[in-house]
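Work through the exercises below in order. Each one has a solution in steps.

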Amino acid sequence: QVQLVESGGGLVQAGESLRLSCAASGTIFRLNYMGWYRQAPGKQRELVATITGGRSTNYGDSVKGRFTISRDNVKSTVYLQMNSLQPEDTAVYYCAASYMTVVDHKYPYWGQGTQVTVSS
């Protein structure tokens with residue numbers, strides 16, 4: 001069983017930065033697929049970024065060029081560096097993980113989420 005714990009959320013002003021962390025129980029080097037998703041009030045959960053064991057990355061269109069996903073297998077942690085935050089980035093951010101290839105964003109493991117609020 002994998003447990004994911006997110007941290008680093010908070011309240012910031014537009015233009016500022018935050019770094020989210022997702023600590024996984026045990027080693028994550030076998031968790032080949034990890035990602036960050038977000039859900040704003042009244043909206044569906046959407047892709048933010050994903051990263052594979054080989055460190056291939058993929059980003060949602062709305063965050064390309066502003067957010068960077070990375071992973072530290074030694075620390076069993078995945079990070080999301082968020083720069084130039086905008087009010088529309090306000091959401092609960094969730095970490096997700098899978099040992100196997102993910103189809104239709106259906107990760108088997110999810111964290112509880114961390115709130116990010118960006119004021120204008």
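A salt bridge is a side-chain nitrogen of Lys or Arg within 4 Å of a carboxyl oxygen of Asp or Glu. The model is predicted: local features need pLDDT of at least 70, side-chain atom pairs count only at pLDDT 80 or more, and totals for chains, interfaces and linings use all residues. Residues are numbered from 1 along each chain as its sequence is written, and side-chain values use heavy atoms, with hydrogens and water left out.

**Exercise 1.** Describe the salt bridge between D89 and R66.

Step 1. The closest N and O atoms of D89 and R66 are 2.8 Å apart.
Step 2. Now place the pair. D89 is in the loop between β8 and β9, and R66 is in the loop between β6 (57–59) and β7 (67–72). Strands are DSSP runs (E, at least two residues), numbered from the N terminus. The two residues are 23 apart, so the pair links distant parts of the chain.

**Exercise 2.** Find what D89 does with R38.

Step 1. D89 forms a salt bridge with R38, with closest N and O atoms 2.9 Å apart.
Step 2. R38 sits in strand β4 (residues 33–39) and D89 in the loop between β8 (77–82) and β9 (91–98), so this pair ties together parts 51 residues apart in sequence.
Step 3. R38 and D89 are both buried.

Conventions:
Helices (H or I, at least four residues) and strands (E, at least two) are DSSP runs, numbered from the N terminus. Buried means under 20% relative accessible area, exposed over 50%, partly exposed in between (1.4 Å probe, protein chains only).
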